[in-house]
Amino acid sequence: MRPCLAVLICVALAAAARAQVPTLRVRVLDYAGLPAATLGNFQAPARAVFAQSGIASEWPTCSIRSGRGNCQPLADRELYIKIVPQRPPHGKASFGTTVRQGSRGLFSYVFWSRVEQAARQYGVAPSLLLGHVVAHEAGHLLGLDHAASGIMQCEFAAPQILRAGQGSLRFSGEEGAALRDALGPRLAAGALPLQPAPEARRRADR
Ligand SMILES: [Zn+2]
């Protein structure tokens with residue numbers, strides 16, 4: 001094989017390998033009646049967080065109360081996050097939580113009142129903070145655990161909230177690599193073991 005042809009083939013293979021990381025798609029279901037400005041603007045910071053790790057993402061959103069947006073029934077393998085008004089009374093003061101079956105993330109909740117309150121307290125746009133909170137929960141749905149720092153820190157305290165406001169709260173390099181590893185083969189093969197079994201989803205949706 002001539003050297004230039006070999007180089008071209010190597011370049012093509014490398015491009016194909018990069019292209020194997022598919023677009024992450026997470027449906028966001030708004031049960032809390034978010035303000036239109038928040039509902040229309042949280043996707044950009046969430047996209048920016050994943051883009052920093054080399055992952056394109058889409059965040060189609062359904063407003064449950066009005067039926068507007070992307071409200072088709074959830075597909076079997078679809079990742080989704082529910083934004084609900086309040087956290088459960090016995091829950092911790094976190095912004096959200098991921099419901100798991102064993103170590104597998106089924107879906108996530110985000111507690112809007114906590115996000116809104118913290119955004120107001122720290123002078124951060126609610127859509128910015130919400131975008132980072134849904135990115136954190138999507139990280140769990142793709143298999144990430146909590147970390148000592150960065151966007152996967154367990155509780156968002158003042159430093160994380162302010163960094164979210166500046167758009168500088170990100171996944172670490174290792175987390176980004178783990179996300180790409182999780183996305184590539186699982187989505188490309190059409191198999192998403194992180195998704196709930198149909199019966200678990202029906203229970204969760206009650
Ligand atoms: Zn978490």
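**Notebook: looking around a predicted model**

I began at helix H6, on the face turned away from its buried side, and found the exposed residues Ala158, Pro159 and Gln166 there. This is a predicted model, so everything I jot down is read from predicted coordinates.

Next I looked up which residues of H6 (residues 158-166) are buried: they are Gln160, Ile161 and Ala164. Seen down the helix axis, these buried residues fall within an arc of 100°, so they line one face of H6. I then checked what covers them, and the cover includes helix H4 (112-122) and helix H5 (126-141). Just after H6 I noted Gly167, which has a positive phi of about 70°.

**H5.** How many of its 16 residues are buried? I counted 16 of 16, so H5 goes down in my notes as mostly covered, with 20 or more other C-beta atoms within 10 Å as the cut-off for buried. From first C-alpha to last, H5 reaches 22 Å, close to the 22 Å expected at 1.5 Å a residue. Just after H5 sits Gly143, with a positive phi of about 105°.

I picked Asp145, in the loop between H5 and H6. Is Asp145 buried or exposed? It is exposed: I find 11 other C-beta atoms within 10 Å of its own, and the cut-off for exposed is 12 or fewer. I also looked up its distance to Ser103, 42 residues apart from it along the chain: their C-alpha atoms are separated by 9.7 Å.

I moved on to strand E5 (79-84). What does E5 pair with? E1 is joined to E5 by five bridges, and the two run parallel. In that pairing, Val26 stands opposite Leu79 of E5. E7 is joined to E5 by four bridges, again running parallel. There, Ile83 has Val110 in E7 as its bridge partner.

**Ile81.** Which residues does Ile81 touch, leaving out those up to four places away in sequence? My list reads Val26, Val28, Phe107, Ser108, Val110, Val134, Glu137 and Ala138.

**The core.** Ile81 came up again when I looked at the largest nonpolar core, which has 49 residues. Along with Val110, Val115, Leu129 and Val134, Ile81 touches the most other members. I checked who contributes: strand E1 (24-30), helix H3 (43-52), E5, strand E7 (104-111), H4, H5, H6 and helix H7 (173-188) each supply at least two residues. H5 gives the most, with eight residues.

**Whole protein.** Stepping back, I noted eight helices and seven strands. Of the 206 residues, 38% count as buried. For contacts with a separation of 6 or more, residues 24 or more positions apart account for 72%.

Last, I looked up the confidence. The mean pLDDT of the protein is 83, and 77% of its residues reach 70 or more. Residues 13-19 have pLDDT below 50, and beyond near neighbours in sequence this stretch has zero contacts in the model. Residues 191-206 also have pLDDT below 50, but here I noted 24 contacts beyond near neighbours in sequence. Where pLDDT is low, the predicted coordinates should not be read in detail.

Technical notes. Residues are numbered from 1 along each chain as its sequence is written. This is a predicted model: local features need pLDDT of at least 70, side-chain atom pairs count only at pLDDT 80 or more; totals for chains, interfaces and linings use all residues. Two residues are in contact if their C-beta atoms, placed from the backbone, lie within 7 Å. The arc is that of the directions from the helix axis to the C-beta atoms. pLDDT is the predictor's confidence in each residue, from 0 to 100. A nonpolar core is a set of buried Ala, Val, Leu, Ile, Met, Phe, Trp, Tyr and Cys residues joined through C-beta atoms within 7 Å. Two strands pair if DSSP finds at least two bridges between them. The expected span of a helix is 1.5 Å times one less than its number of residues.
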